[in-house]
Amino acid sequence: MSLEKLRKDYVQRVKEYEDNLKSMTENDVKHFRAEGAGPLSDITEQIRNEYYRHIETYATLIAEIDAILGA
């Protein structure tokens with residue numbers, strides 16, 4: 001796989017994560033997880049943080065690819 005193709009894939013993933021975050025905010029989406037037989041736990045903030053972490057990671061990789069390609 002070429003660096004150009006890899007960069008394009010990373011840019012698409014960032015856009016998907018940003019779209020997911022936007023949708024979660026606009027639609028006030030909540031995510032829950034069952035923990036054993038106990039009550040459901042709200043994990044919405046954890047999911048948002050994961051999206052932000054992925055965006056930061058891909059942005060770093062895109063910047064490194066740009067540096068290699070001299071963009």
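Mentor: A salt bridge is counted where a side-chain nitrogen of Lys or Arg lies within 4 Å of a carboxyl oxygen of Asp or Glu. The model is predicted, so local features need pLDDT of at least 70 and side-chain atom pairs count only at pLDDT 80 or more, while totals for chains, interfaces and linings use all residues. Residues are numbered from 1 along each chain as its sequence is written, and side-chain values use heavy atoms, with hydrogens and water left out.

Trainee: How many salt bridges does this rule give?

Mentor: Side chains of opposite charge can pair when their charged atoms come close. Applied to this model, the rule gives a salt bridge count of 7.

Trainee: What is the N to O distance between the side chains of Glu50 and Arg53?

Mentor: Glu50 and Arg53 are 3 residues apart in helix H2, so about one helical turn separates them. A helix here is a DSSP run of H or I with at least four residues, a strand is a run of E with at least two, and both are numbered from the N terminus. The two side chains meet in a salt bridge, with an N to O distance of 2.8 Å.

Trainee: Are Glu50 and Arg53 buried, partly exposed or exposed?

Mentor: Buried means under 20% relative accessible area, exposed means over 50%, and partly exposed lies in between (1.4 Å probe, protein chains only). Glu50 has a relative accessible area of 37%, and Arg53 has one of 42%. Glu50 and Arg53 are therefore both partly exposed.

Trainee: Which residue forms a salt bridge with Lys30?

Mentor: Lys30 is partly exposed at a relative accessible area of 44%. The closest N and O atoms are 3.9 Å apart, and the partner is Asp28.

Trainee: In which helix do Lys22 and Glu26 lie?

Mentor: The side chains of Lys22 and Glu26 meet in a salt bridge, at 3.9 Å from N to O. Both residues are exposed. Because they are 4 residues apart, about one helical turn separates them, and their helix is H1.

Trainee: Which residue follows H2?

Mentor: The residue after this helix has a positive phi, near 75°. The residue is Gly70.

Trainee: Against which elements do the buried residues of H2 pack?

Mentor: The buried residues of H2 include Thr44, Arg48, Tyr51, Ile55 and Asp66. Arg48 is buried because its relative accessible area is 16%. Contact means heavy atoms within 4.5 Å, and Arg48 touches Leu21, Met24, Thr25 and Val29, not counting residues up to four places away in sequence. The elements against which the buried residues of H2 pack are H1 and strand E2 (40-42).
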